[in-house]
There are 2 protein chains.
Amino acid sequence: MNIVIIGGVAAGAKAAAKIKRLLPDSKVEIYTDDTHVSYSSCGLPYYIEGNFSDYRSLLVRSVEEFKESGIDVYLESKVEKILIPQQQILVAAPDKARLVSYDKLIIATGARPFIPPIKGYENFNNVFTVRKIEDGINIREKMLNSKNAVIIGSGFIGLELLEAFVKNGLEVDLIEKNNRIMSSFDADMSEIIKARLESYHPKTFRFHIGETVSEFFGSNGSLTTVRTLSGKEFNTDMVIICSGIVPNVELARDAGIELGESGAIKVNKIMQTSAPNVYACGDCTEERHIVSGRSAWVPLGSTANKEGRCAAMNAAGIYTEFEGVLGSAVSRCLNTTMSMTGLTELEAVQFGYTPVTAVVSKPDKVAYMPDVGDITLKVIADKVTGLLLGGQAVGSIGADKRINALATALLAHLTVQEFNQNDLTYSPPYSTTIDPLLNAMSILCTKVSRPC
Amino acid sequence: MNIVIIGGVAAGAKAAAKIKRLLPDSKVEIYTDDTHVSYSSCGLPYYIEGNFSDYRSLLVRSVEEFKESGIDVYLESKVEKILIPQQQILVAAPDKARLVSYDKLIIATGARPFIPPIKGYENFNNVFTVRKIEDGINIREKMLNSKNAVIIGSGFIGLELLEAFVKNGLEVDLIEKNNRIMSSFDADMSEIIKARLESYHPKTFRFHIGETVSEFFGSNGSLTTVRTLSGKEFNTDMVIICSGIVPNVELARDAGIELGESGAIKVNKIMQTSAPNVYACGDCTEERHIVSGRSAWVPLGSTANKEGRCAAMNAAGIYTEFEGVLGSAVSRCLNTTMSMTGLTELEAVQFGYTPVTAVVSKPDKVAYMPDVGDITLKVIADKVTGLLLGGQAVGSIGADKRINALATALLAHLTVQEFNQNDLTYSPPYSTTIDPLLNAMSILCTKVSRPC
């Protein structure tokens with residue numbers, strides 16, 4: 001059996017390794033236009049920050065390691081076309097183009113940075129995005145010779161870069177087109193994140209909210225000034241565009257493979273696309289949201305790994321379902337941990353629920369203990385049924401601890417009333433006597449229609 | 001309405017405060033033989049260690065604060081008898097005995113240290129137990145003038161005291177009668193705890209396993225030597241007995257109130273005892289174990305708070321169920337976090353399950369990050385159904401993080417197969433790409449009878 005995988009960062013690499021273990025006699029090949037394979041893209045901000053010194057720490061498996069386990073990796077080999085009826089792909093390898101046949105094809109083409117329409121974008125060598133190993137190397141090198149930077153976008157990646165630059169002594173202007181930072185969180189939690197970050201010392205950064213970057217200026221290939229629609233100008237040594245990502249679906253779409261509502265590749269529960277013998281997984285693929293039951297696109301490394309594994313198992317003939325995602329995520333910026341799972345209050349309204357919420361601010365351990373941190377926890381439930389819908393946590397390093405308990409509750413479709421009976425661990429160094437999650441449930445019990 | 005509460009540490013204090021808020025016009029009285037009311041007993045080891053300097057930090061509400069909210073607290077007032085038919089209690093107050101009438105009685109008499117049969121126990125002033133505020137004050141004072149100590153028992157409290165003494169420069173001999181330390185965990189996890197603790201520097205302590213203390217020796221009221229059954233002798237400046245606790249049920253039992261299988265007071269789901277208008281809550285009370293469905297006695301501060309609240313609500317006429325406990329607990333000793341929930345493997349066998357287990361050892365974040373800790377996680381499931389039964393985590397500070405997610409799964413009666421679809425948060429500073437919980441589930445999927 002010939003198994004061909006397009007893309008080899010997380011989902012593709014995982015799928016290749018898994019399928020080779022399941023079918024040792026099969027031929028497994030990875031084709032990628034990238035210069036590296038099997039790496040932790042999520043770790044790039046921490047490499048840039050200098051949390052570790054060798055970018056090769058980000059590499060999970062090398063081409064040689066793949067080779068040793070019988071998997072051929074073709075780097076810098078762009079797949080130009082998928083020919084569904086012929087079960088072939090057209091590869092533009094560095095030397096010459098060729099056709100490769102497959103019995104099973106796994107599309108793991110990932111996603112790429114979204115570039116907003118900015119005049120002059122293509123002209124400058126000190127404008128970066130953060131996606132590939134080279135991006136990390138280039139940004140770190142430039143950062144070490146810079147005094148200041150502009151970051152465009154304040155999502156997870158934008159804020160991770162903010163930490164990296166501030167910790168390396170740069171002055172940073174972060175420009176956000178929305179009217180608040182970190183807009184994947186609800187507005188009230190965005191404000192808490194902003195206030196918390198702004199309490200950081202030394203505060204060598206400024207947020208510019210509701211500003212849309214319209215134009216880059218510079219000379220000799222080097223950007224010097226960023227201008228916004230409102231006419232503000234920022235002189236800077238470097239610019240990082242962190243305005244989100246878009247799925248790489250062109251290859252699939254051109255082959256007639258169906259896309260989902262989100263624009264990512266549509267798959268069923270066993271990761272099959274609409275084309276025979278073609279699977280998709282990772283950041284190019286649409287998921288089902290376990291809470292809403294609707295299609296969603298939540299491109300994250302942990303999900304890519306799981307989907308890669310699931311696609312490989314099914315391609316190998318072992319029926320395995322992937323239920324979907326909860327949208328669980330966590331990130332750190334300076335003094336602040338931000339974590340979330342499930343639906344936001346806004347999404348809950350959009351999906352037809354009548355959300356009620358509880359926001360609890362508490363110390364992260366008993367207040368008499370040393371090194372007490374803080375946690376602000378928001379929990380969202382449906383008023384009518386009491387069904388838990390989602391939650392967000394912001395605070396010191398341990399603030400994410402509650403989100404995985406809440407994610408588990410969402411997976412189990414628990415109600416507020418049911419979760420209120422939870423027995424969570426308590427000891428003075430680890431929690432308050434009543435965990436913030438249970439404080440939130442107590443409040444929600446008074447707000448939902450069905451009594452607790 | 002006259003509401004009388006016997007005992008005022010956690011459950012009693014919580015019940016009093018809650019019922020007064022629900023029924024502002026009621027008369028609420030707390031009777032206790034203690035010299036303090038409403039305090040964090042769980043915090044005593046951290047006070048002894050010196051994590052904070054004023055023992056008053058442990059006091060949650062003072063007698064004066066109770067008074068202000070309309071609750072009368074009678075300290076050093078031992079209740080001698082409950083007269084069920086008369087709805088009265090007999091109180092031996094410091095001045096003189098008296099009878100107090102109640103409409104509703106809440107028994108929150110707590111628990112006391114279990115004292116093993118040791119010859120000479122009653123003779124010495126440098127032998128301590130850890131339960132009340134005075135115990136903490138006395139132990140800390142003695143510790144500051146001691147060079148070494150003997151701890152008898154290696155459960156949560158014994159190990160918390162070990163930390164306190166080691167951090168204060170004492171040499172410590174810890175004597176454990178079982179053949180392993182921390183025997184509320186499974187044997188394999190006990191070994192991991194022991195090995196981890198023994199890697200601590202400076203290691204100024206020794207474990208003596210399988211040794212039963214038989215006799216104390218000393219002179220002039222001061223103990224100097226501890227002898228074990230096997231004839232070993234330990235010279236020491238002080239001894240702490242941490243051999244577990246027993247529920248204070250004598251008052252209830254003498255009044256004809258039914259006790260449960262565990263020996264603690266039996267209550268129904270709304271915290272009613274077998275006697276009319278009498279409720280019980282806190283460490284003196286038996287619980288239902290949510291996983292096994294059987295009676296259990298898991299005396300912990302967080303549960304005491306919840307039971308106190310539940311008893312108060314029902315006594316006030318608001319029907320509220322308390323479902324039970326999962327046995328979730330966490331504690332710290334030196335470099336080691338220990339946390340557990342649900343049934344151990346041993347308990348699972350005792351209760352008729354056919355347990356399968358997965359033990360996973362992983363870094364607590366992506367290995368290329370700085371300050372990487374470790375976590376060893378054991379998850380237990382039923383082979384036949386795949387039902388999750390329990391789990392234990394040992395490792396660096398964040399090792400408890402997974403236990404609350406697992407507790408939530410136990411509450412929801414999830415199977416291994418269901419949990420395996422969980423979407424847990426991932427980011428390099430917070431977790432490995434695949435969370436150890438999901439690694440454990442993958443392993444268990446291969447061991448349970450129903451395929452994943």
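A salt bridge, as I use the term here, is a side-chain nitrogen of Lys or Arg within 4 Å of a carboxyl oxygen of Asp or Glu.

**Ground rules.** I'm working on a predicted model, where local features need pLDDT of at least 70 and side-chain atom pairs count only at pLDDT 80 or more, while totals for chains, interfaces and linings use all residues. Residues are numbered from 1 along each chain, chains are lettered from A in the order written, and side-chain values use heavy atoms, without hydrogens and water.

**Entry 1: the interface.** I looked up how chain B meets chain A. I found 63 residues of chain B in contact with 63 residues of chain A (contact: heavy atoms within 4.5 Å). The two chains bury about 5000 Å² between them, 58% of it on carbon and sulfur atoms; that is accessible area (1.4 Å probe) lost on being put together, summed over both parts. In chain B, Tyr368(B), Asp423(B) and Tyr430(B) lose the most area to chain A, together 16% of what that side buries.

**Entry 2: charges across it.** I got two salt bridges between chain B and chain A. Lys401(A) pairs with Asp400(B) in a salt bridge, with the closest N and O atoms 2.4 Å apart.

**Entry 3: the core.** Buried is under 20% relative accessible area, exposed over 50%, and partly exposed in between (1.4 Å probe, protein chains only). This core has 76 residues, and Leu388(A) and Leu388(B) touch the most other members. Leaving aside neighbours within four places in sequence, Leu388(B) has contacts that include Val291(B), Leu406(B), Phe419(B) and Met441(B). A second, separate core of 52 residues has Ile19(B) and Val298(B) among its members.

Entry 4: The partners sit 33 residues apart, Lys378(B) in strand β24 (residues 374-382) and Glu345(B) in helix α9 (residues 345-350); helices (H or I, at least four residues) and strands (E, at least two) are DSSP runs numbered from the N terminus. Buried or exposed? Lys378(B) is buried, at 0% relative accessible area, whereas Glu345(B) is partly exposed at 27%. In chain A, shared partners join Asp186(A), Asp188(A), Glu345(A) and Lys378(A) into one salt-bridge network.

Conventions. A nonpolar core is a set of buried Ala, Val, Leu, Ile, Met, Phe, Trp, Tyr and Cys residues joined through side-chain atoms within 4.5 Å.
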